[in-house]
Amino acid sequence: MDSSSIESNSIEWNTEDELDVDNISSSSSHQDQIADFAPSSSSCNCRGSNTIHQFLQMGFSKEMVIKAVKENGQNEGAVLDALLAYKTFEESPEDEHVLDDPCHAELASNVLDVYPDKEICENEEFKNLSTEKDRTVSLLVEMGYQAEEALAAIDRCSLDTPIAELVEFISAAQFAYHTDAQLGELSYDNKIHQHQKLNGPVYMSKKKRKFYDNEMRKLQKQRKYLEKQPMDHDNEIVHLPNPMVGFGVPNQPSPVLFQRRIPDEAEGRPYFYFENVALAPKGVWHTMSRFLYYIDPEFVDSKFFCAAARKRGYIHNLPIENRSQLLPTPPSTIHEALPHTKQYWPSWDKRMQLNCILTCIGSAKLTDRIKKAVEKSGDEPLPGVKKYVIQQCKKWNLIWVGKNKVAPLEPHEMEMLMGFPPNHTRGGGISRTEQYTVLGNAFQVDTVAYHLSVLKRMFPDGISVLSLFSGIGGAEVALHRLGIPLRNVVSVEISETCRKILQSWWDETNQQGKLIHFHDIRMVTAHELEKCMSTFGGFDLIIGGSPCNNLAGGNRSTRNGLEGSKSCLFFEYYRIIELVRSMMRHR
DNA sequence: TGTACGATGAATGTGCCA
DNA sequence: TGGCACATTCATCGTACA
């Protein structure tokens, strides 16, 4: 298999742990840190006067050992912690570079490869260490970590945790809060508050720390500014074009275009492409546009590309000249797309196209009610019956599959309408309900491909993609069908079902590039992104549509805009896009 | 426990007409 | 231009059942 799957986010951050990890960095001094992370008395192993002798044998100076014992008594663990901390204090700044590198996790794993535990364990000094905890700390210190980092990791993960996992824990702790990802569900204001409280990272090189701090400050400042912008209720409403043809669609008259304005800071690589429902609550698109460099959204109805409507807004910095359609072009009417239904279609149902494909379907009871109503009316139903039937058919996207018989679309019909290959979502342990859910949330491939087609001449040798909220891989399928080689795809998708579908498609289509999975966008850190970028040489395209659950008209209970628990992830999209772009500017 | 089913409106935009 | 009727909408939640 050509793909590699990095199971990221393997560290579970519960709230208390987050705060504790934060404390590593937020303590005002090394002494504070030592105090915070000193082992508990229950874990100590006091051994009387042998303690001093043993620490002297370990190579600590007499003065340091005496000082440590004075301060910590015969508590062996605490004495060792203090000694290690003193030693760290004494190290010159130049020595910090080993653990300061933001790519330290990678370095550490390399160290594990070339400097196996066995080799370290045979070291004479190592053998003299009395407890397992000491040995583990020593190993980690040998690898370049600070003692208090090692102790904190052991305390959090337990002593039985393999070295590699401890390394991962420390790396995550170092970098997670840097991008505020570890603050999880906290509100933005709380995140800011936490960041201000934290005082920035401790374990990074000054240069990198300064860079990330500056970027984070800029991001926070910009966001605060954007959030505090006075609400101009006349200007905040983004008007939807009618017809909804965006900057132009095939076989339709070109719209009268205003001057498309892309600010300098948003121009060029990495290109980005953001998608969401067009009919969001008032003000939402204005807000999203403000965050995404004030670029005007392009609203397009997919009914100009296939036989089903799908009104979506797209904010992107792609060129809009010389776009091309995917070939063969998909059927544009119901009868062309679903020819087997034509014989049953009553003349009084004038629908030529379907409505938006949603995540749920009409019930069997409803189709039964419709059948009975039509049968009762004879060949020519009464106007009232016709009206009721048409209304329900439009509402639930029902099609005629027999005499007087309507039914919801089958998953494979939805796949076809959405531009996915047959059986894309079928099998592999995925239920029908799940198929409907993931297809209802997907891109319409032909529409997206039309916009992305300009990338083909820009990246003829292939493209590196950061795919956020990947879903079932609409973007990947679109790029593949455009003939743009997928060199590297970093996919961020929280649904295991969707990840399985994308992986399965990737394998079946014999992709030559690498596919890397991340789960939760909130847990994607600057460090992880930098690791990917250093491997891939940056990203060419950042693409994705953030969750619309709290924006969509179908949501009757929690349609609360960008404040909603799901749709607020738009701000994570913004965070990632801003982070990647600023990192790439400084490469 | 997982899956399928069915009941649950409101927000927003559009078109027509006075 | 305002008012009205009408059309559309990447959904959520509780319940039944295997």
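**Close-ups of the predicted model**

**View 1. What DNA strand C shows the protein.** Of the atoms of DNA strand C within 4 Å of the protein, 65% are sugar or phosphate, and the rest belong to bases. This is a predicted model, where local features need pLDDT of at least 70, side-chain atom pairs count only at pLDDT 80 or more, and totals for chains, interfaces and linings use all residues. Residues are numbered from 1 along each chain as its sequence is written, chains are lettered from A and ligands numbered from 1 in the order written, and side-chain values use heavy atoms, with hydrogens and water left out.

**View 2. The protein surface near DNA strand C.** Near here means a residue with a heavy atom within 4 Å. Of the 26 residues around DNA strand C, Val277, Arg312, Thr359, Cys360 and Cys548 come nearest. Strand S1 (271-277), strand S3 (311-316) and helix H18 (383-396) each bring at least two residues to this surface; helices (H or I, at least four residues) and strands (E, at least two) are DSSP runs, numbered from the N terminus.

**View 3. Backbone contacts to DNA strand C.** Polar contacts are pairs of N or O atoms within 3.5 Å. A polar backbone atom of Ser546 sits 3.1 Å from a base nitrogen of DNA strand C, and one of Gly554 sits 3.2 Å from a base nitrogen.

**View 4. The open sheet.** Seven strands line up as S2-S3-S1-S9-S6-S7-S8, with mixed pairing (strands pair if DSSP finds at least two bridges between them). Strands S2 (298-301) and S8 (514-518) are at the edges with a single partner strand each, so one side of each has no neighbour in the sheet.

Notes. A polar contact is a pair of N or O atoms within 3.5 Å; within protein, one must be able to donate a hydrogen and the other to accept it, and residues adjacent in sequence count only if both atoms are side-chain atoms.
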